[in-house]
Amino acid sequence: MSKEDITLTAGDAEVTLRPAHGGRVGGLKVAGLELLRQGDRFGCFPMVPWCGRIREGRFLDGATVHRMPLNAPPHAIHGTARDGAWSVARAGAGEAVLTYDLFEPWPFPARVTQAVKLAEDALTLTMSVETYDSSFPAQVGWHPWFNRNLGGQDVRLDFAPAWQEERGDDHLPTGNRVEPKPGPWDDCFGMPGGVDVTLTWPGQLELKVTSREEWVVVYDEQETAVCVEPQTGPPNGLNTLPRLVTPLEPLEATTTWRWRRP
């Protein structure tokens, strides 16, 4: 834990925020159980100004082609803000607000704000992208790495998506929607009523990830962790399903993780 880290507490829950390491939630402990995989790349990082992969790092804004660094060749992945140092706008016992200014290689000036609020039984994350300049396409989302095992049985995932985005050999959606298939997954699912995924560590903890957004990527191909990623659009969405940030209308999303002990 570095001196820049922030600790929030409520009841027997404790959250560690790491502003200098991508504005991420570095840890979430409930009754002494650490739910998030530890390490500079893990915890739960904000995905902004895009989520998942952009095909070949290129996206269109009108007739202009923009190119992002290929940090997951041949694609660009998970935005730019997870690699930067965020500023602390305010921090208290149970909540904090972090900000990050987008800059090159992202071509549009904008400010990202992430509010983190901890209650005794829930963590709520809210992120917005605001601009006072030109409009542009963007996405926001979160990429938590939940520990697969908390010392008992492996976690079980329960959710009922309306569809699964067919995944091509390049790991990007083909544009076809298919019936949800059994895992393991590195896949995007549609939940038009809002994201609602329950993680159960049998006999230890149940945690429900919800969001008003209708897209979630589930990644459980790793041995030590599973990821449940609510986001405002599918991978490559800057090209296929862009959401515009305008001076009059910021892009905002919220996710809540609510837990209970058996």
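A: Leaving aside neighbours within four places in sequence, Thr200 is in contact (heavy atoms within 4.5 Å) with Asp154, Val155, Arg156, Asp158, Leu205 and Glu206. The model is predicted, so local features need pLDDT of at least 70 and side-chain atom pairs count only at pLDDT 80 or more, while totals for chains, interfaces and linings use all residues. Residues are numbered from 1 along each chain as its sequence is written, and side-chain values use heavy atoms, with hydrogens and water left out.

Thr200 belongs to strand S21, residues 195-201; strands are DSSP runs of E, at least two residues long, numbered from the N terminus. With a relative accessible area of 11%, Thr200 is buried, a word that means under 20% with a 1.4 Å probe and protein chains only.

Leu199 touches Phe146, Val155, Arg156, Leu157, Leu205, Glu206, Leu207, Val209, Val226 and Val228, again not counting residues up to four places away in sequence. Leu199 is also among the residues with the most contacts inside the largest nonpolar core, which has 64 residues; Trp106, Val129, Phe146, Leu207, Trp257 and Trp259 are the others named there. A nonpolar core is a set of buried Ala, Val, Leu, Ile, Met, Phe, Trp, Tyr and Cys residues joined through side-chain atoms within 4.5 Å. In soluble globular proteins, nonpolar side chains tend to be buried together.

Further out is strand S26, residues 251-260, which is largely enclosed by the rest of the structure because seven of its ten residues are buried. Two strands pair if DSSP finds at least two bridges between them. Strand S22, residues 205-211, runs antiparallel to S26 and is joined to it by six bridges, with Thr210 as the bridge partner of Thr256. Strand S13, residues 122-130, is likewise antiparallel to S26, through eight bridges; here Met127 stands opposite Ala253.

The peptide bond from Gly183 to Pro184 is cis, with omega about 5 degrees, and Pro184 lies in the loop between strand S19 (173-178) and strand S20. The bond from Val48 to Pro49 is also cis, with omega near 5 degrees, and Pro49 is placed in the loop between strand S5 (44-47) and strand S6 (53-54). Most peptide bonds are trans.

Conventions
Buried < 20%, exposed > 50% of the residue type's maximum accessible area, 1.4 Å probe, protein only. Helix = DSSP H or I, 4+ residues; strand = E, 2+ residues; numbered from the N terminus.
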